[in-house]
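Me: I have this one open on my screen and would like to talk it through. Could we begin with the charged side chains and then move on to other parts?

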Amino acid sequence: MLEEDEKIEKICSVCKKEAGKRCSRCATVFYCSAEHQQQHWKTHKSTCHPFKICSNEQFGRFLVATRDIRAGEIVLKESPLVFGPAQITGPVCVGCLQGLEEKKHMECEKCGWPVCKRSCQDHSSHQAECKFTVARGSKVSIQHFYVPHPTYQCLMPLRCLLLSESDPAKWDALQRLESHDDERRGSEQWRNDREGVAKLIPRFFKCENKWDEDEILRIVGIIHVNGHEVPLTEPSSVAIYNMASMLEHSCRPNLAKSFTNRNEVILWAPNAIQRGERLSICYTDVMWTTGNRLEHLRQTKMFSCECERCNDPTEYETYSSALRCSGFQKDGKCKGYLLPVDKSEWTGDWCCLKCHKEVTGAAVGQILERARMDLDAMQKHREDHCNKYVKHYSKWLAPNHQFLVDVKISLSQVIGGNNPEAIKKIPYDKLMNKIKVCQELIALFEKICPAEARAFGATRFELHAALAELGRRSTESNNPAAAVQLEDSLYNATECVRMLQHEPSILMESKICAQAKKNAETLKALLGIKD
């Protein structure tokens with residue numbers, strides 16, 4: 001908790017006299033009157049956030065809530081310093097960043113970089129690199145449209161480097177971000193970046209004396225460490241933000257992340273956050289097993305996570321990364337779960353928490369690799385495939401394991417999910433299975449990732465739809481449980497809207513949110529509820 005209140009000098013930010021009024025949004029600035037608060041707003045609004053920047057040797061810079069933050073409140077909305085294509089990508093439009101087809105694109109008339117329509121060559125984000133490409137003396141010529149395209153590895157780093165001339169303020173902010181230069185040096189990724197970016201940029205753009213290898217590699221490191229995947233294009237693009245880059249990582253974060261159609265990031269609190277809490281997002285996928293999360297963070301962000309969830313091998317007793325001991329025993333009688341002997345080494349031997357039988361890391365790896373390959377190969381839009389996968393791999397995987405959860409999410413959507421009328425035709429047992437799967441997923445999310453808004457919102461919608469249909473059938477059969485079922489459906493529709501309200505219109509989640517709003521109004525009318 002914050003303990004500096006007594007130490008804060010309560011002085012008006014305008015007249016410097018003693019002040020008794022505090023800014024209600026950030027709780028860190030004081031005023032002697034409402035007039036002075038209004039007068040100061042133009043200056044203060046750019047820094048008025050419900051958090052403050054802190055730092056220490058262990059974590060570097062991080063953000064701490066300066067007051068209680070309400071559930072649903074937006075904590076930060078920020079435009080990017082720079083955005084561009086991902087490093088590993090096929091050709092995309094350099095204006096809007098949408099993917100291109102080989103025979104359905106045009107070239108920028110000045111520099112030759114591919115665009116999807118003529119207006120995209122005038123996009124503000126393309127102007128600096130366009131002039132720089134023209135200066136090389138010949139146009140860019142993209143001859144193939146395979147993934148990955150080597151020239152595109154250079155585009156995002158180039159956009160960052162050119163900020164030093166096109167926007168010095170953004171360049172200064174970018175320079176202050178962490179690159180983990182020393183930690184990355186010598187790694188396989190670093191060697192690839194050296195050959196594919198640091199050596200290619202000077203050669204390709206004929207600017208051998210403009211930047212040296214270390215300067216370019218430091219920028220590439222900043223992109224790797226601070227880049228946010230933005231799912232507004234296909235394929236996804238990458239953006240770097242200033243303030244958002246100061247948020248620390250947690251595998252059980254307290255902030256959700258969304259984006260606007262203008263590439264702004266929105267960070268908001270799905271659940272209440274107390275004053276003094278450190279604000280966090282997840283740098284990896286919260287649905288992954290602990291082993292996968294740890295490895296991904298080591299490879300991409302250059303640190304070993306020691307958050308509360310990673311330090312608890314049971315993951316709040318959900319056993320989301322565990323395997324069943326029975327799958328590795330001939331008699332299959334033990335009901336215990338297997339977890340690594342060494343919680344920091346997920347490729348080593350595993351041990352049953354109940355019978356203490358040990359299983360080699362090689363045997364565990366074999367099962368996980370087979371399960372992963374089958375998951376990649378299966379048709380998730382088919383209910384029978386989902387059921388077959390769950391039935392087969394439940395022999396080895398704990399019920400909340402990443403792979404089973406992935407399939408259960410698909411299952412929750414495909415049961416009666418083809419169109420609004422399809423759910424009316426499914427048998428009762430399938431309807432109840434849909435409800436059961438949704439409830440199990442929500443119970444899991446509440447424990448391991450309570451701020452994972454998209455997963456929550458989509459699953460709440462499926463549960464709402466199933467309960468609404470159950471309520472309809474109960475009403476027709478004069479079942480007294482109908483009212484409760486419809487009320488539960490309304491609750492889940494409302495929660496769906498709350499969790500997906502910040503999703504941009506281009507994404508499916510926004511359309512789900514809009515449908516949930518309509519359905520909620522219909523349910524309110526049916527139940528006689530007035531706003």
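Reply: One definition first: helices here are DSSP runs of H or I with at least four residues, numbered from the N terminus. Please also keep in mind that this is a predicted model.

Me: Fine. How many salt bridges does a search of the whole structure find?

Reply: The search over the whole structure gives 30 salt bridges. One of them joins the side chains of Asp376 and Arg372, with N to O at 2.8 Å.

Me: How many residues apart are Asp376 and Arg372 in helix 10?

Reply: They are four residues apart in helix 10, which covers residues 361-377, so about one helical turn separates Asp376 from Arg372. In general, an α-helix has 3.6 residues a turn, so residues three or four places apart point the same way.

Me: And is Asp376 buried or exposed?

Reply: Asp376 counts as exposed because its relative accessibility is 56%, and the cut-off for that class is over 50%.

Me: Which residue forms a salt bridge with Lys434?

Reply: That is Glu462, and the closest N and O atoms of the two are 2.8 Å apart. This pair links distant parts of the chain, with Glu462 in helix 14 (residues 453-476) and Lys434 in helix 13 (residues 428-448), 28 residues apart. Both Glu462 and Lys434 are buried.

Me: What about Arg460, which side chain does it meet in a salt bridge?

Reply: Arg460 meets the side chain of Glu446, at 3.6 Å from N to O. Here too the pair links distant parts of the chain, since Arg460 sits in helix 14 and Glu446 in helix 13, and they are 14 residues apart. Arg460 counts as buried at 8% relative accessibility, whereas Glu446, at 42%, counts as partly exposed.

Me: Which residues are linked in a network of salt bridges?

Reply: A network of salt bridges links Glu469, Arg472, Arg473 and Glu476.

Me: What do its buried residues pack against?

Reply: The buried residues of helix 15 pack against strand 13 (265-268), helix 13, helix 14 and helix 16 (508-527). Among the buried residues of helix 15 are Leu486, Leu490, Val497 and Leu500, and Gln485, Asn492 and Glu495 are also included.

Me: I also see Leu467, so where does it lie?

Reply: Leu467 lies in helix 14, and at 8% relative accessibility Leu467 counts as buried. Leaving aside neighbours within four places in sequence, Leu467 is in contact with Ile435, Gln485, Asp488, Ser489 and Asn492. With Gln485 the separation is 18 residues in sequence and 5.8 Å in space, C-alpha to C-alpha.

Me: New topic, Thr290. Is it buried or exposed?

Reply: Thr290 is buried, with a relative accessible area of 1%, and it lies in helix 9, residues 290-300. Its side chain makes a polar contact of 3.2 Å with the side chain of Arg293. Not counting residues up to four places away in sequence, Thr290 touches Cys310, Glu315, Ser321 and Trp346.

Me: In what order do the four strands of the open sheet come?

Reply: The order is 15-16-17-18, and the pairing is antiparallel. Strand 15 (323-324) and strand 18 (358-359) stand at the edges with a single partner strand each, so one side of each has no neighbour in the sheet. Two bridges join strand 17 (residues 350-352) to strand 18, and Trp350 stands opposite Val359 in strand 18.

Me: Last one, where does UniProt place the SET domain?

Reply: The unreviewed UniProt entry places "domain: SET" at residues 49-284. In the model that span is 27% helix and 19% strand, and its end C-alpha atoms lie 25 Å apart. The UniProt annotation "domain: MYND-type", also from an unreviewed entry, covers residues 12-48. Over residues 12-48 the chain is 30% helix and 11% strand, with the end C-alpha atoms 15 Å apart.

Definitions and conventions
Residues are numbered from 1 along each chain as its sequence is written. This is a predicted model: local features need pLDDT of at least 70, side-chain atom pairs count only at pLDDT 80 or more; totals for chains, interfaces and linings use all residues. Side-chain values use heavy atoms; hydrogens and water are left out. A salt bridge is a side-chain nitrogen of Lys or Arg within 4 Å of a carboxyl oxygen of Asp or Glu. Buried means under 20% relative accessible area, exposed over 50%, partly exposed in between (1.4 Å probe, protein chains only). Contact means heavy atoms within 4.5 Å. A polar contact is a pair of N or O atoms within 3.5 Å; within protein, one must be able to donate a hydrogen and the other to accept it, and residues adjacent in sequence count only if both atoms are side-chain atoms. UniProt positions are given in the numbering used here, feature names are shortened, and annotations may be inferred rather than shown by experiment. Two strands pair if DSSP finds at least two bridges between them.
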